[in-house]
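Please open the model in your viewer and keep the selection panel at hand. The stops below go from one selection to the next, with a word on what to look for at each.

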Amino acid sequence: MRNLSFNEFKWDKKYVIAVIITLLCAIISGIVLYKFVNINIFFIEYAQDYIFYVFNFKNSKLIFSHILGELFYCCIFFLIGYFTKFKYFTLIFIFIRGLYFTLYAAILIGLNSFGGITVAIFVFIPVSLLSILLCCCVTESCKIINTKYVFCIPAIFALINTLIFIVLVNVVFRVIIVIV
């Protein structure tokens, strides 16, 4: 039990405050840049495809791209947190991630009316916020876990986020669609 004990796990308060401030700045920047990005066809097509796949429960394309993106970001956060002493470099990636999260959420809500709002509230926003939280957790916890298991942590956290995404799309969203 000693190998995976999280008794020493304590959040660095300065890091948490920096993450919150960075995320708030990214959200504000994303809202401001929404009008400029709205003319880009890539963002609009992605939002429309995302809504189509969620409403039609065609999960294979969404799940594959989601797990690859999560694994990429979790590995970046792990590499910075484990091999360097400068975990505040992860704030750059949190800002980028928060900026794209806000842009896509604004496009989902603003462009696609009821369907976009439903998908954004019940699937996209919770999964994105959980993803940022898990990436920060990877950075904070990689120093206290036994070295035999530490290299599996990014894959485990990416899998956890993907499983929550699958549950939100296939269970929660279906219940919401049946009720509405």
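Begin by selecting D12, which is partly exposed, with a relative accessible area of 26%. As you look at this residue, keep in mind that the model is a predicted one.

E140 is found in helix 5 (residues 113–141) and K87 in the loop between helix 3 and helix 4, so the contact ties together parts that lie 53 residues apart in sequence. Both K87 and E140 are buried. With D12, K87 and E140 displayed together, you have one network, joined by salt bridges that share partners.

How many salt bridges does the structure hold? The structure holds three, and the one still to visit is that of R97 with E70, whose closest N and O atoms are 2.5 Å apart. Select these two residues and trace the chain around them: R97 is in helix 4 and E70 in helix 3, so that the pair, at 27 residues apart, links distant parts of the chain. Buried or exposed, what are R97 and E70? Both of these residues are buried.

Turn next to the cysteines, and bring up their sulfur atoms. How many disulfides does the structure hold? The structure holds zero disulfides. Select C135 together with C74, whose sulfur is the nearest cysteine sulfur to that of C135, at 4.1 Å away, and C135 is in no disulfide. The reason is one of distance, because a disulfide calls for a pair of cysteine sulfur atoms within 2.5 Å. C135 itself is buried, with a relative accessible area of 1%.

For the last stop, select C142 and C137. C142 is likewise in no disulfide, and the nearest cysteine sulfur, which belongs to C137, is 10.0 Å away. With a relative accessibility of 0%, C142 counts as buried.

Definitions and conventions:
Residues numbered from 1 in each chain as written. Predicted model: local features only at pLDDT ≥ 70, side-chain atom pairs only at ≥ 80, totals over all residues. Heavy atoms only, no water. Buried < 20%, exposed > 50% of the residue type's maximum accessible area, 1.4 Å probe, protein only. Salt bridge = Lys/Arg side-chain N within 4 Å of Asp/Glu carboxyl O. Helix = DSSP H or I, 4+ residues; strand = E, 2+ residues; numbered from the N terminus.
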